[in-house]
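Please look over the sequence and the model shown here before reading on. The notes that follow take up confidence, charged pairs and helix packing in turn.

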Amino acid sequence: MFQLILYTFVENALQQIMLKFLYIISLLLVIFNSISFLYEPSEIYKILGHMLFMPMTGLVYGFLRDWQFGKIDQRIFLVCLIGCIGDGIIFFVLNEKGEFLQLVSAFFVHFIFINIFRNEGAYVFNIDKINILKVLAPALIVFFFFGFVLLPVLPNVLYFMVILYAIEVAILVVIGYFRPVSENEYWLVAVGVTLLLLKDILYSYFFFVFKSNQHLLYIPFYIFNASAYFLIIYGIAINQNTNREVQEKISIKLIINIIHSLFKKKIKSNISDSIFLK
């Protein structure tokens, strides 16, 4: 018994140390990748830096979840793989086709997030003033910006993909605002999807409408994007752990009730037998 307690304590301590280490590495990667837009390090370092962020986020998720491999866990690991490939594509295909392929990878990542939010129970409910605002605000922002500002200046290769992407971003943000989870898990993801929306709008404006090529502008966009994905994945992990704790409590309570019920039946049976013998 003592060995089991000691083993659990050491395992939890090592897990916390590893998580803190991964948090620091993730932060350093964001800083390095941001600075790389200014100082132009070796191309291989820049590619590795950007491609490592999503796998690092996947490691954080894995340790947070004690390396569970349920359906949602598998989807998050798939998100990190697609995100890693998408971050690398833009460096290998430096033209409009590269932008298109990166947009496709982001489309699949967002689709998986929407699917996870629905599995968590997200749906548009109780249409009061606040909830109407949750629906209309992102939908109108996406409709106005992507429909009236961005589409007229887009290259043909991106035109239809951007329409699909814009619709999906609006759905992602709205569904993210309607997750029926506890407050901490809710705000982590709500802030994450909001950052994604802001990043997409600002990035599209500066590089397609304003047509700026200043590398300095990449820094806030990259920080927004990295922070958004990290917050969304972190929020999903915390919510999955909360659900597991609730399920474990229910399971333990059910076992106790079954044992208690069997014990009561046994006592009643013994009493009945003793009365019958008398």
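Over which residues does pLDDT stay under 50? In this predicted model that stretch is residues 246-256, pLDDT being the predictor's confidence in each residue on a scale from 0 to 100. For residues 246-256 the model has zero contacts beyond four places in sequence, where contact means heavy atoms within 4.5 Å.

**Confidence and conventions**

- The chain averages a pLDDT of 81, and 78% of the residues score at least 70.
- Residues are numbered from 1 along each chain as its sequence is written, and side-chain values use heavy atoms, with hydrogens and water left out.
- Because this is a predicted model, local features need pLDDT of at least 70 and side-chain atom pairs count only at pLDDT 80 or more, whereas totals for chains, interfaces and linings use all residues.

**Salt bridges**

- Side chains of opposite charge can pair when their charged atoms come close.
- A search of the whole structure finds three salt bridges, each defined as a side-chain nitrogen of Lys or Arg within 4 Å of a carboxyl oxygen of Asp or Glu.
- In one of them, R65 pairs with D73, with the closest N and O atoms 2.9 Å apart; R65 is buried at a relative accessible area of 6%, and D73 is buried at 2%. Buried here means under 20% relative accessible area, with exposed being over 50% and partly exposed in between, using a 1.4 Å probe and protein chains only.
- Another salt bridge joins the side chains of E120 and R179, at 2.7 Å from N to O. This pair links distant parts of the chain, 59 residues apart, with E120 in the loop between helix 4 (96-119) and helix 5 (129-150) and R179 in the loop between helix 6 (159-177) and helix 7 (183-209); helices are DSSP runs of H or I with at least four residues, numbered from the N terminus.
- E120 counts as buried at 12% relative accessibility, and R179 is buried at 3%.
- K199 forms a salt bridge with D200, their closest N and O atoms being 2.8 Å apart, and both K199 and D200 are buried.

**Packing of helix 6 and helix 7**

- The axes of helix 6 and helix 7 come within 8 Å and cross at roughly 160°, the axes being lines fitted to C-alpha atoms over the stretch in contact, with angles from 0 to 180 degrees between N-to-C directions.
- Helix 6 and helix 7 are therefore roughly antiparallel to each other, a term for angles over 145 degrees.
- The residues making the contact include Y165, V169 and L172 of helix 6 and Y186, V189 and D200 of helix 7.

Conventions. Helices (H or I, at least four residues) and strands (E, at least two) are DSSP runs, numbered from the N terminus. Angles under 35 degrees count as roughly parallel, over 145 as roughly antiparallel, 65 to 115 as roughly perpendicular and the rest as oblique.
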